[in-house]
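I opened a notebook for this one and wrote down each thing as I looked it up. The entries follow in that order.

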Amino acid sequence: MAVSASIGRQIVDLNADWVFFRKNMPAARVFAAAAKDGEKVTIPHSSLLLPHHNFDEKSYQFVSWYRREFELPKTAEGRKKVFIEFDGVMLAAKVYVNGKLAGEHKGGYTPFAFDITSLARFGPGKGNRNVVAVQVDSRERPDIAPFGGTVDYLAFGGLYREARVVLTERAWIADAFPFATDVLSDGRTLRVKTTVAGDGAGGEFVVAATLLDSRGRKAARAEQAIEAPVKGEAHVELAVDGLEKVELWDIDRPTMYKVRVELLEGGKTVDAVEKPFGFREARFDKDGRFRLNGRVVKLIGLDRHQTYPYIGCAAPARLQRRDAEVLREELGLNIVRTSHYPQSVHFLDRCDELGLLVFEELPGWQHIGDAAWKANAIEQMKEMIVRDRHHPSIVLWGVRINESQDDHDFYVESNRVSRELDPTRQTGGVRCFRESEFLEDVFTFNEFSSNVREPNHVPYLITEFAGHTFPTKTFDRVERQIEHALLHTRIQDKQMGMPEIAGAIGWCAFDYNTHIDFGSGDRICYHGVSDIFRFPKFAAYLYMSQKDPAKQVVMELADFWARGDWNHCTKFLLIYSNCDEVLINGQLNGRAEPMRDEFPNLAHPPFRFDKMKDVWGHGWNDLELVGLIGGKVAIRKRWPADKLPSKLAAWTDSKVLDADGSDMTQLSFMMADRFGNVCPYATGAVTAKASGPVRIIGENPFALVGGRGALYVRSDGRKGAASIELTCTSGHKAQVKVKVG
């Protein structure tokens, strides 16, 4: 059992050593449920591992139980408050401690905590061990948002985020909300709204707020005396001045600080919390433009579901952080929308660190339920805002159920609550019809007309386009994949030329599992610019090519360089690049032309080469593309004519894992040609065999899809070196090594 100490509080890590019962087993509340009847697991945990497609979404919709034991120090008895915290349980949870109900939470996307002081046992020994048991209801219950209607995504099930026990003094910090005012002046101020709670420990206290830089050095501090209540809550707002030298958080330079809030008694710290923080001003203005720190930033982004193949939404911190890296560093986006619910704090933390802006919204999809349902949706929205309002990356709260009809009273209340909890951020409400009551600060609209129309309200942000109107698979024929890429190119080019539109967020980043009512027949919505394993489709190249070439030179061919893929032979080559010029070598010998007439507003329009008619009926040779910047060669890429698989390429996103039993990284593999490109026509199955302190998660063997595939490598709780041997039915082999520590 891992116990850590922060100043004034102890934290008992509850992520390991759970026993999972894959059935409704009330005996799990107490010792009567034998561990042999269950499975030992570590959280984050999915109640059911699944194939990456072709499964019945009802298979994970059942009631299960998780049980764990833990000890508390005898010295805490009568002196400490004890709370149990869960970061996310899908979909409803009843938490029992030592056989008694501690509390119930409805909603799978937000954290919750219960005071278990009166239920807890203290001291060492078997008789004093505490038993926590969680009944997890993963059925799509109509009384809990987003369910009650049809929903175009899956929720999966389980204790899918982290958990802990927290011990505090009888006076403690219940909440701290840091925010900044006058950010763009030398008189900028850090304000910290703090809630101090008491339960038998009233008296004179001091609340102190300290700003710490990235090295943990004190940048500024303020404190204020407070009369802590014997029972109940007291509130104080501190103002920290002297911040002339602090650096602003920006998408290109995301400078992060920490705000440490302490509760002191007699000069001694009795409790403390820390929150990451960044100074920035983000506004959607009445002229339609979005300004960050006074500078106009044209928003270009994609929507993201938090789900993954095999494990559903039970992804550990490493995978969550990796998604932010894919969006910001690989695709080059500057904004992401967390469709359609609050997402992992690990994902949001990485967005802060990378400078990726976030539009976060409450859970929902088209359906609005009865009064109790609405109250539940508002409560989940409250939990989202209180959890996440310190993140500088978040610039907009979504306070309307995605694509729902107008509901005046409901949305007046959601806007009121949002503005009350966080007056520093504007609200948006995603709708799919233009003639809608506009109660929010930003008119956020799903534009599926395959065009961009003049906004009917400002500020105006396009929050979805493309997606379900043109689903595209990585193994679709070339012409469809090219048209999918051009659809994203047209919309982003059009919005870039309309200053009254703040930006456009495309539907969507990654393919995702869904209900049978939506998507393809295999329960996947193929709406992403990347597939479910985060492998890019041609449409992803548009976003990649808009990067600053000083940071990364990009050149991608939207083609498989195979003569017979087109309906009427090969018509043209489409190339996405941020180079000045693209030369074509080999039998074609020519220069691709930038499509500036068709896409005048993009920083880097795609290139097109039309002189393809001479190659039909002649020998088919290798292709080489050469990208020039400032007249000098910046990048070269080659594609072979034969398309034959040359090797099995394999890699992991990380070479290091934590030995906590839950950490994992994606193991990707593909059949590669002799120039290292994927062989999209390659078939066969890849089998992975692991040795060392890891296990393989996923379909093993995996039948290649478009020449590629992926599994996960998960630590099993031990330390050491691990090796994964991969073998394809073609006879090709590969090896990947990972260190677990």
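Which backbone oxygen does the side chain of S339 reach? I note first that the model is predicted. I then followed the side chain of S339 and found that it reaches the backbone oxygen of R304, at 3.1 Å.

**Entry: around S339**

I placed S339 in the loop between β23 and α2. Is S339 buried or exposed? Its relative accessibility is 0%, so I count it as buried. I set aside the neighbours within four places in sequence and listed the contacts of S339: D303, R304, H305, E361 and W507.

**Entry: helix α2**

F347 took me to helix α2, residues 345–354. I marked its buried residues as F347, L348, R350, C351, D352 and L354. For the spacing I kept one rule in mind: an α-helix has 3.6 residues a turn, so residues three or four places apart point the same way.

What covers the buried residues of α2? I found helices α1 (317–330) and α3 (371–388) among the covering elements. Strands β23 (335–338), β24 (357–361) and β25 (394–398) are also among them.

I checked both ends of α2. At the N-terminal end S344 is the cap, with a side-chain oxygen 3.0 Å from the backbone nitrogen of H346. Just after the helix, G355 has a positive phi of about 80°.

**Entry: strand β11**

I went through strand β11 (residues 163–168) residue by residue. Six of its six residues are buried, so the rest of the structure largely encloses this strand. A163, V165 and L167 point one way, while R164, V166 and T168 point the other way. In a regular strand the side chains alternate between the two faces of the sheet.

Which strands pair with β11? I found strand β2 (residues 9–13) pairing with β11 in the antiparallel sense, over four bridges. There I11 has V166 as its bridge partner. I also found β6 pairing with β11, again antiparallel, over six bridges. There F86 has A163 as its bridge partner.

**Entry: aromatic pairs**

How many aromatic pairs does a search of the whole structure find? I got 30. I began with F86, already noted as the partner of A163. The ring centres of F86 and F112 are 5.4 Å apart and the planes are at 20°, so I class the pair as stacked. F86 belongs to strand β6 (residues 81–86) and F112 to strand β9 (residues 112–115), so the pair ties together parts 26 residues apart in sequence.

I followed F112 onward to F114. That pair is tilted, at 5.4 Å centre to centre and 50° between the planes. I looked up burial too. F112 has 7% relative accessibility and so counts as buried. F114 is buried as well, with a relative accessible area of 12%. F86 is buried too.

Elsewhere I noted a cluster linked by ring pairs: Y310, F533, F535, F669, F702 and Y712.

I traced an open sheet of six strands, in the order β4-β3-β5-β10-β7-β8, with antiparallel pairing. Which strands are at the edges? They are β4 (39–41) and β8 (100–106), and each pairs on one side only. Neighbouring strands are turned by 25° against each other on average, with direction ignored.

Inside this sheet I looked at one pairing. Strand β3 (residues 18–21) is joined to strand β5 (residues 63–70) by three bridges, and the two run antiparallel. F20 stands opposite Y66 in β5.

I then traced an open sheet of four strands, in the order β15-β14-β17-β18, also with antiparallel pairing. β15 (218–228) and β18 (268–277) are the edge strands with a single partner each, so one side of each has no neighbour in the sheet.

How many bridges join β14 to β15? I counted ten between β14 (residues 203–212) and β15, which run antiparallel. One partner I wrote down is A222 in β15, which faces A209 across a bridge.

How values were computed:
Residues numbered from 1 in each chain as written. Predicted model: local features only at pLDDT ≥ 70, side-chain atom pairs only at ≥ 80, totals over all residues. Heavy atoms only, no water. Buried < 20%, exposed > 50% of the residue type's maximum accessible area, 1.4 Å probe, protein only. Contact = heavy atoms within 4.5 Å. Polar contact = N/O pair within 3.5 Å; in protein donor to acceptor, adjacent residues only side chain to side chain. Pairing = 2+ DSSP bridges. Axes fitted to C-alpha atoms, helices over the stretch in contact; angles between N-to-C directions. Phe/Tyr/Trp six-rings, centres within 6.5 Å; stacked < 30°, edge-to-face > 60°.
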